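Subject: Structure handover

Hi,

Here is the structure I promised to pass on. My notes on it follow below.

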Amino acid sequence: MITRDEIRELASFHSPETCALTFYYQPTTPQNRSHRDESILVKDILRNAMREAEKSGKNGCAKSDLERISAMIDALRGNAGKAKAIFACAGQHFWREYDLPPQLPRTQVIFNQRFHLKPLAALLREGRKTLIVLADRTRARVFELSGGELSEQQDFVNELTRRGKSDGFAGYDAGHVERRQLNEAAQHFKVIADYLKERYENKGFDQLLIGCHDERWPEIEPHLHSYAKQKLIGRFRADPKVATPEQVKEMALGLIAQRENEEKQRLITEVTGEAHRNGRGAIGLRRVLRSLEVGEVQMLLLGSNFQAPGVKCYNCGHMDMHEAPACTVCGKPNTHLDDIGDAIVGHAIRSTIDILWIDNNEEFDRIGRIAALLRFRADQNTPMKVAS
C-alpha cells in the first residue's frame, strides 16, 4: 500500500520535458484463468501510448519505460486481484511501482510534466491505521486494519480468581471473590489502556474501534487515556473469545464507512454554510483555485466525478479555469489540461492539504463537485484584525 509520504514524493516530481509517465493497471474479471484477453488489452493500451508519444516527439523519453512496463504484463496477469501503479521517468532515472486496492477507474497510460495523481486521492484515507480492540474481563485482542488488510497485533489473557465450592458464611466468600474479580478486571482494562497509550506514542494510529459486550463498556471507558478517546470513532458488540478475523474486519469496515459518510455530509454542510455567509468556506472551481493560490485551504473536498478543463503555468504554478496562451501572473506559456482536477490534487498533496474524496452526493454535485474548508479568509485579514 502506498503511503502519504510516498504520494508526496510523487507530487513533488517534475519533468520539464513532459516525460513523467503514469501507468495505472486495474484488474478486470477474466473470461478464463489465463487472463490472456486482459494481457492483450493492456499491451494494446501500451502500444497506443507509444504511438502517441512518437507523434508528440516524446519517443526518446517514453520508449524505455513503456517497454519495461510491457515486459511485465504477462507476469502481472490479475496481480492477485490488486491494482498496480507505476510512476517512471527514464530521463531522471525514476521508477516507483505500488500495489493498490482494485478501485482505479481503468487501466491507462499518461505522459505529462507531473505524475497523474488524481486516482490516488481516493486512497489517501485508505492508508489510515485503525486499531480494533476486542475486550472482556478475561481476554483482549488487538487488531490493526490498514489498506484493507487486517492483522492481529496482541492478545491479552486475564485469569480471574475462581469461586470456591461454597460461598462461605452469609455469602462472605462470594462477595470477597466478586470484589477481587472486579479489581482484577480493572487492572486488566488498565493494562489494555496503557498498551494503547504506548502504541499511540511510539507507532501512532489514526482511529480506534472497541468491540465488547454492552455491560463491559462502563468498565473499559474510564481507563482509556485521552489519546485513545480522541481517536475513538465507534464501538460494536463482540466477544473476543469467538470473533473471527473476518467478522472483525466486516464490522470495522461497516463502522468506518458509516463514520466517513457522516463526516463527509457534515463537512459539505459546514463548507456550504460558511461560503454562503462569506466565512471559512469556498465552493466552485473559480473560488477554490483562488483560495489554493493564496494559501487559505485547510481541506479540499473533491467529487469523484469532478472534471474540468483548464491551464497551468509550470513556471510559477498558477492554475486557471480559463484558456489563455500565457500565464496572467508571470507571462510564461500555459499548459492546457484536459482535467485541471489532477493539477489541483497534486498541488494539495505538495502543500499537505487534506483531501476528502466524495462519491455520489447530489448536494455536493449541485455546488460544483469541488469545495474547500478554509483556515482563514485572506480578504478579511485586515491589519487591524491581525493586530487584535
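By class, which residues does the lining of the largest cavity have: nonpolar, polar or charged? It has eight nonpolar, no polar and no charged residues. (Ala, Val, Leu, Ile, Met, Phe, Trp, Tyr, Cys and Pro count as nonpolar, Asp, Glu, Lys and Arg as charged, and the others, Gly among them, as polar.)

Before the rest, the ground rules. This is a predicted model: local features need pLDDT of at least 70, side-chain atom pairs count only at pLDDT 80 or more, and totals for chains, interfaces and linings use all residues. Residues are numbered from 1 along each chain as its sequence is written, and side-chain values use heavy atoms, with hydrogens and water left out.

The cavity lining is V133, A135, F189, I192, A193, I210, I220 and L224. Strand 5 (130–135) and helix 5 (172–202) are the elements that each give two or more residues to it. Helix 5 has the largest share, three residues. (Helices, H or I of at least four residues, and strands, E of at least two, are DSSP runs numbered from the N terminus.)

Now the strands. Strand 5 and strand 6 run antiparallel, joined by six bridges. (Strands pair if DSSP finds at least two bridges between them.) L131 stands opposite E144. A hairpin of three residues links the two strands.

Strand 6 (residues 139–146) is largely enclosed by the rest of the structure, because six of its eight residues are buried (under 20% relative accessible area, 1.4 Å probe, protein chains only). Eight bridges join strand 6 to strand 7 (residues 149–157), also antiparallel. V142 has Q154 as its bridge partner there.

Best wishes

Definitions and conventions. On a 1 Å grid over the protein atoms alone, a cavity is a set of points where a 1.4 Å probe fits but cannot get out, and a pocket is an open set with protein on both sides within 12 Å along at least five of seven lines; lining residues have an atom within 4 Å of a point. Buried means under 20% relative accessible area, exposed over 50%, partly exposed in between (1.4 Å probe, protein chains only).
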